[in-house]
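Please open the model in a viewer and keep the selection tool at hand.

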Amino acid sequence: MNRNTVSERPFLELKNVTKIYNTFAGTIEALKDVSLKIHIGELIALVGPSGSGKTTLLNIMGALDRPTQGEVWFEGTRIDILSEKQLVDFRRHKFSFILQDARPLRMLNVLENTLLPFYFFKPQSSKNIKEEAIEIIKSLGLGHRIYHMPNQLSGGENQRVAIARALITKPSIILADEPTANLDRENRLFVIKTFKRLTEEKGITVVVSTHDLEIANFADKIVYLKDGVLLKISTQSVPSEDRTSP
Amino acid sequence: MDILSLAIKDILRRKGKSIYILIAVVIPVAILSTIISTIRNADTTLSNLASKFGFTIMIQPKSISADRIDQLGVVVDEYISEASIVTVKDIIMRILQNNRDPIIIAPRLYIKTEIDTKNSRTTSILAGIDFKAELDARPSWNLLEGRWPERDYEAVVGKTLARALKLSLEEYVTINNKEFNIVGILKEHNSPEDQMVFTFLRTAQQIFGKIGLVSVINLQNVLLDRDDSLLRSAVEDLNRGIPNIKAILPRQFSTMKYIMLKKTFKFLITIVIATVIFSIFSLFNIVTSSLYSRIREIGLLKLSGASWLQLFKLFFYEYLFMGLAGGILGYSIGILMSYLLDSFLLKIGSEIRLNIVLFAITLFIGILCSLLASYYPTYKFSKKKITETFRTQWEV
């Protein structure tokens, strides 16, 4: 699938989402009335300064957190009101998550980390899952690291292991929270190009939060956030001289 | 690929943290194992010691006048029927119910008689006994030289008497016109037996015309040795159930020692219980801090599709294995400690004894400590929301 085949019907939609955290210091409005439509096969970048609500928005999209107000719809199902058990099922088969500090489990090697989800549920595919994992690992340039432990890998390689783990379950959507934050430029570009390839070749939707506008420029849409408010959604790339703030 | 294999990998590849938990399990189990092993050893040793010094119950004729007690302290010229042995056995078996410890009944016939040798004559006691029963009841009753009688008219003599009569092996003594071959000389026990001659009960009964009669019936049973109340009711029942006999307790001291041992055991078990409780609290803290340091791992596992119940199961398996390993290790250390304690401090002469029941108990305690201490933290951390796990900056 390429970007021309992106569906017009949103498959993930946030309607007037507000998220309020109650703390000892008072209430914090992390998201304010955010509405957003995401289509199949899109690469979306969430950009904004620290505290702008990027991670909160990702958490709500991935049903890791529930909005205080508003609705979250995924493939025609309202997911913000599902039970924890139903959400576990969603996470297993529909969503994959990649985090900024995506260090794999240190007691498992690269292959075992990639296969981590299948310690908890059976794969849907009848194909040999181990061979499939090895193919994914090789496609991410880690063919020579299959049986290495995480402490033998660089930061960029560990991030690729996280991507391999995210891909093994064949998710509909990958939610990545600052996946390039701790990487050098070469690895940053590798990660974002991999995401781009996944949207174009496999029709997987990828939502990435980032500070880095060079990375954001690879996205089909850039969502600008500030103080929990969605400022704008842009399909234009950011000019190089304007890459410091939205 | 399943949760169990993940748990095993987790333990094996996280050795440093696993060892802390293991130590917390091993301590109470090792203490328990040490104490129980030591007490068991002491109990066995005391039981052996008690058997060296005599019988549990002695049954003798009811009315004995002073002149019927020989200067050696044994009853002569007063008898009880040998048929009473059956009744004695019935009464004791009823008291002991299903206990499997053997009941040893050793009747004796004491005859005060002249003993002639080639060169001398003296008055002493001929004891007709059941050698097998006597030796079963008193393993320490040993010969200085020679062998035990095997045929009629063979006898063994006490060391003092042998010295007095200048008797040596294979010499003959004459008792009531019958010649007895001396086949063994007893070790000195510093008791009246050192001055007696021992032969088969049947032989003594025949040559003195006392068929069907015995002077005393000695009885030994380990359970009665240990249980004072049971022993007293056995004595009462015997005195009530058999006419013209008097059952007495020849060695109260051993029973007292058992009572002391029991009290000591109770005290030590209280210490063990306190140690177990204390260890559970320590283990609770170790498990909580261990899980706290794994909070990002918990988040990652949940993001990978683990339900809270699967996480709970993962940790349950880990702590179950720790408990199991702690139980085995604690038991082994306990047995070794008990041996070392005895070798260097207690010196009651015990040896390393492996006991399947104690092993099962220590294993159970190890697992119990581990699971009790880890249940709440495991439940709490398994239930953590994913977003909470990633807000905490700890190492995976």
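The pLDDT is the predictor's confidence in each residue, from 0 to 100. This is a predicted model, in which local features need pLDDT of at least 70 and side-chain atom pairs count only at pLDDT 80 or more, while totals for chains, interfaces and linings use all residues. Residues are numbered from 1 along each chain as its sequence is written, chains are lettered from A and ligands numbered from 1 in the order in which they are written, and side-chain values use heavy atoms, without hydrogens and water.

Select chain A and colour it by confidence. Its average pLDDT is 84, and 91% of the residues score at least 70. Next, select residues 1–6 of chain A, where pLDDT stays under 50; the model gives this stretch twelve contacts (heavy atoms within 4.5 Å) beyond four places in sequence. Where pLDDT is low, the predicted coordinates should not be read in detail.

Now display both chains. How many residues of chain B are in contact with chain A? There are 28, and they meet 28 residues of chain A.

Select Glu112(A) and Lys9(B). They form a salt bridge, with the closest N and O atoms 2.9 Å apart; the term denotes a side-chain nitrogen of Lys or Arg within 4 Å of a carboxyl oxygen of Asp or Glu. Across this interface the rule finds two salt bridges.
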